[in-house]
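Subject: Structure handover

Hello,

Here is the structure I promised to pass on. Please open it alongside this message.

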Amino acid sequence: MTLEVKSLSLLGKALEKLEQGFDGLPHFGRSVDTTALESILTEVAERMKDNYPYEHPLYVGQMLKPPHPIARLAYALSLWINPNNHALDGGRCSSHMEKEAVAEIARIFGWDIHLGHLCSGGTMANLEALWIAGSVNPGKKIVASVQAHYTHSRICGVLNIPFEAVPCDNLARMKTDDLETLLKRGDVGTVVATLGTTATGSIDPLPEIIELRKKYGFRLHVDSAYGGYFILAQNLRDSSRTAYDRLHEVDSIVVDPHKHGLQPYGCGCVLFKDPSVGRFYKHDSPYTYFTSSELHLGEISLECSRPGASAVALWATQKMFPLVRGGQFADDLERCRTAALKFFTFLTEDSRFMTAMEPELDIVIWAVAARSASEASRLASELFDGAAAENLHLAKANLPAYLLADHWPSLEWDQDYITCLRACMMKPEHLDWIPQITSALKRAAEKIL
């Protein structure tokens with residue numbers, strides 16, 4: 001693997017340009033012990049070798065997509081200023097860049113009018129969305145599917161909001177019949193739909209959920225932390241496309257630029273369709289000195305100090321890769337899904353593996369063919385290690401029997417779960433590397449199975 005370093009020379013040029021903005025000030029400089037810097041930085045590099053090769057196409061395990069060079073450079077450049085996007089006073093330019101970048105994300109969901117901001121990630125973004133939901137419908141329950149991210153039940157515990165999980169069908173999508181059963185009780189205030197579950201990449205049936213909202217009047221939040229950007233892809237299956245086309249009708253949306261948005265970690269985004277929910281954020285703090293009458297991002301965010309560097313990196317990336325259908329950014333998402341479908345086809349045609357759900361986005365799950373769930377789980381763990389020995393890095397996922405029993409009726413379910421293997425084809429390069437990925441998996445399977 002070769003780490004990209006050619007772009008580093010551009011950072012020096014950009015820093016010279018940045019420094020020109022402060023030429024009117026009296027000279028000031030800090031002495032730097034470059035010898036100590038080099039020594040410690042070398043030690044850091046040595047320590048950092050103890051990592052999986054996240055950037056390489058043979059890494060298909062966790063949701064780790066390398067930030068684009070423009071994001072890395074813009075983030076690093078901003079650190080010489082180190083802006084704080086809580087108040088315009090601490091992040092004057094970067095706050096405006098955040099508003100512009102967030103507005104561009106909102107537009108892909110069909111919202112020209114919105115309230116939104118960046119935050120540290122999907123967990124914090126969902127916390128804010130559910131906090132607003134609880135404020136709008138106090139005392140009411142929040143429900144999400146059993147395949148929704150565990151953060152929703154945890155957040156409800158933090159917020160002291162009642163939570164209940166809705167069963168899923170055998171495609172890991174929320175069952176609307178079971179949802180309606182819960183809604184009939186009259187105590188549900190908010191439904192969380194997931195567009196892109198983290199385990200399987202499944203898409204909840206948003207159109208049907210919207211129809212239920214017309215009948216029961218609940219608040220509708222969509223967690224698309226992982227899958228949100230796929231609204232730009234033009235190679236989705238029809239049911240997924242229909243769900244994404246209805247996103248403009250929901251109340252709030254979460255998407256993570258640090259997943260498919262090419263950003264360094266620490267960049268999530270929460271969006272609200274109705275800007276008036278900003279009233280719940282209002283505060284009068286004697287410790288915050290707002291010297292501008294313009295809206296400060298700290299006035300619409302639960303987090304106070306926030307890195308302006310994240311906003312600068314996101315703004316620069318979206319400047320280079322506009323969020324439009326048919327553009328380079330959208331094309332790369334389509335390549336990810338195509339890679340997942342090709343890999344799924346390979347697995348389906350190999351009798352050593354058991355497949356179930358065709359990928360809706362770019363996540364593929366499969367199991368090792370065996371007589372029982374326990375044996376398949378054991379073999380999956382062995383194959384996981386064997387693939388790593390071939391430099392192919394996968395992930396494991398323990399999935400419940402109710403999700404897969406219908407797909408594999410001849411399997412003896414001697415335990416209530418099965419350990420599956422999981423590949424996240426979230427790099428566009430994965431499409432070109434399918435032959436190498438499948439070859440490595442074949443070599444591991446020949447040794448173990």
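Below is what was found in it, topic by topic.

Please keep in mind that this is a predicted model.

**Pockets**

Start with the largest pocket. Its volume is about 1000 Å³. A total of 28 residues line it. Nearest its centre lie Leu-3, Glu-4, Met-48, Glu-55 and Arg-72. Three helices each supply at least two residues of this lining: H1 (8-19), H2 (34-48) and H3 (69-78). Which helix gives the most to the lining of the largest pocket? That is H2, with four residues. By class, the lining has 19 nonpolar residues, four polar ones and five charged ones.

Next comes the second largest pocket. Its volume is about 740 Å³. The lining is made by 15 residues. Closest to the centre are Glu-19, Phe-22, Phe-28, Gly-29 and Trp-80. Sorted by class, this lining has nine nonpolar, two polar and four charged residues.

**A nonpolar patch**

Phe-22 and Trp-80 are among the residues closest to the centre of the second largest pocket. Phe-22 and Trp-80 also belong to a nonpolar surface patch, together with Leu-25, Leu-79 and Ile-81. The patch covers about 560 Å². Look at Ile-81 in particular. Ile-81 sits in the loop between H3 and helix H4 (92-108). Its relative accessible area is 45%, so Ile-81 counts as partly exposed.

**Salt bridges**

How many salt bridges does the structure hold? There are 24.

Take Asp-187 and Lys-141. Their closest N and O atoms are 3.4 Å apart. This pair links distant parts of the chain, 46 residues apart. Asp-187 is in the loop between helix H7 (176-183) and strand E4 (188-194). Lys-141 is in strand E2 (residues 141-145). Are these two partners buried or exposed? Asp-187 has 28% relative accessibility, so it counts as partly exposed. Lys-141 has a relative accessible area of 12%, so it is buried.

Glu-249 and Arg-246 form another salt bridge, at 2.3 Å from N to O. Glu-249 has 21% relative accessibility and so counts as partly exposed. The cut-off for buried is under 20%.

Then there is Asp-256 with Lys-259. Here the closest N and O atoms are 2.6 Å apart. Asp-256 counts as buried because its relative accessibility is 0%. Lys-259 is buried as well, with a relative accessible area of 14%.

Some salt bridges share partners. In this way Lys-141, Glu-164, Arg-185 and Asp-187 are joined into one network.

**Backbone**

Most residues other than glycine have a negative phi. Two asparagines have a positive one.

Asn-160 has a positive phi of about 60 degrees. Where is Asn-160? It lies in the loop between helix H6 (151-159) and strand E3 (163-166). Asn-160 is exposed, given its relative accessible area of 69%.

Asn-391 has a positive phi of about 70 degrees, and it is not a glycine either. Asn-391 is placed in the loop between helix H12 (373-389) and strand E10 (395-400).

**Two distances**

Pro-138 is in the loop between helix H5 (122-136) and E2. With a relative accessible area of 60%, Pro-138 is exposed. Pro-138 and Leu-404 are 266 residues apart along the chain. Their C-alpha atoms are separated by 37 Å.

His-117 is in strand E1 (residues 115-119). His-117 has a relative accessible area of 1%, so it is buried. His-117 and Glu-98 are 19 residues apart along the chain. Between their C-alpha atoms there are 7.2 Å.

**Where to look when you open the model**

- The largest pocket, at Leu-3, Glu-4, Met-48, Glu-55 and Arg-72.
- The nonpolar patch, including Leu-25 and Leu-79.
- The network of Lys-141, Glu-164, Arg-185 and Asp-187.
- The positive phi at Asn-160.
- The positive phi at Asn-391.

Best wishes

How values were computed: Residues numbered from 1 in each chain as written. Predicted model: local features only at pLDDT ≥ 70, side-chain atom pairs only at ≥ 80, totals over all residues. Heavy atoms only, no water. 1 Å grid on protein atoms, 1.4 Å probe; cavity = no way out; pocket = protein on both sides within 12 Å on 5 of 7 lines; lining within 4 Å. Points joined across faces, edges and corners; volume = space filled by probe spheres on them. Nonpolar A, V, L, I, M, F, W, Y, C, P; charged D, E, K, R; others polar. Patch = residues over 30% accessible without salt bridge, like charges linked within 9 Å, V, L, I, M, F, W, Y side chains within 5 Å. Areas by Shrake-Rupley, 256 points an atom, 1.4 Å probe, with all protein chains shown as cover. Salt bridge = Lys/Arg side-chain N within 4 Å of Asp/Glu carboxyl O. Buried < 20%, exposed > 50% of the residue type's maximum accessible area, 1.4 Å probe, protein only.
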